[in-house]
Amino acid sequence: MARHGSASSRKEASAQKGTSVHTETAKAIDADLKRRARLLLTNSSIPGRTRSLIRYALQIKDPYLAQVVRRVEAGEMTIDHLQLE
């Protein structure tokens with residue numbers, strides 16, 4: 001029986017679909033986190049560079065946004081580095 005080289009099996013097709021769904025899920029940001037981040041953006045006591053970092057992290061849906069928000073809410077106004085988990 002001849003097989004076409006560009007055809008994929010059902011397992012491969014479902015695995016590819018699962019990967020794209022997982023990627024979209026990983027890029028989602030919790031609504032509460034968005035709200036907290038937006039509140040920090042309006043706080044003028046936070047330095048502009050830190051607010052820019054939060055704004056950019058919101059824009060690109062950065063998975064480390066939660067770490068930044070937690071640290072700023074805890075009183076750390078300047079973020080020099082992130083600890084990647």
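In which helix is arginine 51 found? I find arginine 51 in helix α3, which spans residues 48–60.

**Entry 1: ground rules.** I am working on a predicted model, in which local features need pLDDT of at least 70 and side-chain atom pairs count only at pLDDT 80 or more, while totals for chains, interfaces and linings use all residues. Residues are numbered from 1 along each chain as its sequence is written, and side-chain values use heavy atoms, with hydrogens and water left out.

**Entry 2: the whole chain.** I looked up the elements and found four helices and zero strands, in the order α-α-α-α from the N terminus on; helices (H or I, at least four residues) and strands (E, at least two) are DSSP runs, numbered from the N terminus. Of the 85 residues in the protein chain, 20% are buried, where buried means under 20% relative accessible area, exposed over 50%, and partly exposed in between (1.4 Å probe, protein chains only). I noted an accessible surface of about 6800 Å², with 53% of this surface belonging to carbon and sulfur atoms; the areas come from the Shrake-Rupley method with a 1.4 Å probe, and for residues only the protein chains shown count as cover. Among contacts between residues at least 6 apart in sequence, 47% join residues at least 24 apart, a contact being heavy atoms within 4.5 Å.

**Entry 3: arginine 51.** Is arginine 51 buried or partly exposed? I list arginine 51 as partly exposed, because its relative accessibility is 22%. Leaving out residues up to four places away in sequence, I see arginine 51 touch Leu40, Leu41, Asn43, Ser44 and Ile46. A polar atom of the arginine 51 side chain lies 2.9 Å from the backbone oxygen of isoleucine 46. I also checked threonine 78, which is 27 residues from arginine 51 along the chain, and the two C-alpha atoms are separated by 9.6 Å.

**Entry 4: threonine 50.** Threonine 50 is also in helix α3, and I count threonine 50 as buried because its relative accessibility is 4%. Once neighbours within four places in sequence are set aside, threonine 50 is in contact with Val72, Met77, Thr78 and Ile79.

**Entry 5: α3 against α4.** At what angle do α3 and α4 pack? I read an angle of about 150 degrees with the axes 10 Å apart, the axes being lines fitted to C-alpha atoms, for helices over the stretch in contact, with angles from 0 to 180 degrees between N-to-C directions. α3 is therefore roughly antiparallel to α4; angles under 35 degrees count as roughly parallel, over 145 as roughly antiparallel, 65 to 115 as roughly perpendicular and the rest as oblique. The contact is made by Thr50, Leu53, Ile54, Ala57 and Leu58 of α3 with Leu65, Val68 and Val72 of α4.

**Entry 6: α2 against its partners.** The axes of α2 (residues 31–41) and α4 come within 10 Å and cross at roughly 50 degrees, so I file α2 and α4 as oblique to each other. On the α2 side I listed Leu33, Arg36, Ala37 and Leu40, which meet Leu65, Ala66, Val69, Arg70, Val72 and Glu73 in α4. For α2 and α3, the axes come within 9 Å and cross at roughly 150 degrees. In that pair, Lys34, Ala37, Arg38, Leu40 and Leu41 in α2 meet Arg51, Ile54, Arg55 and Leu58 in α3.

**Entry 7: what α4 buries.** Which residues of α4 are buried? I listed Leu65, Gln67, Val68, Val69, Arg71 and Val72, and their cover includes α2 and α3.

**Entry 8: either side of α4.** Lysine 61 lies in the loop between α3 and α4 (65–73), with a phi near 60 degrees, a positive value in a residue other than glycine. Lysine 61 is partly exposed, because its relative accessible area is 41%. Just after α4, I found glycine 75 with a positive phi of about 110 degrees. Further checks took me to leucine 84, in the segment after α4, which is exposed because its relative accessible area is 64%. Leucine 84 is 20 residues from tyrosine 64 in sequence, and the two are 7.9 Å apart in space, C-alpha to C-alpha.

Notes: Polar contact = N/O pair within 3.5 Å; in protein donor to acceptor, adjacent residues only side chain to side chain.
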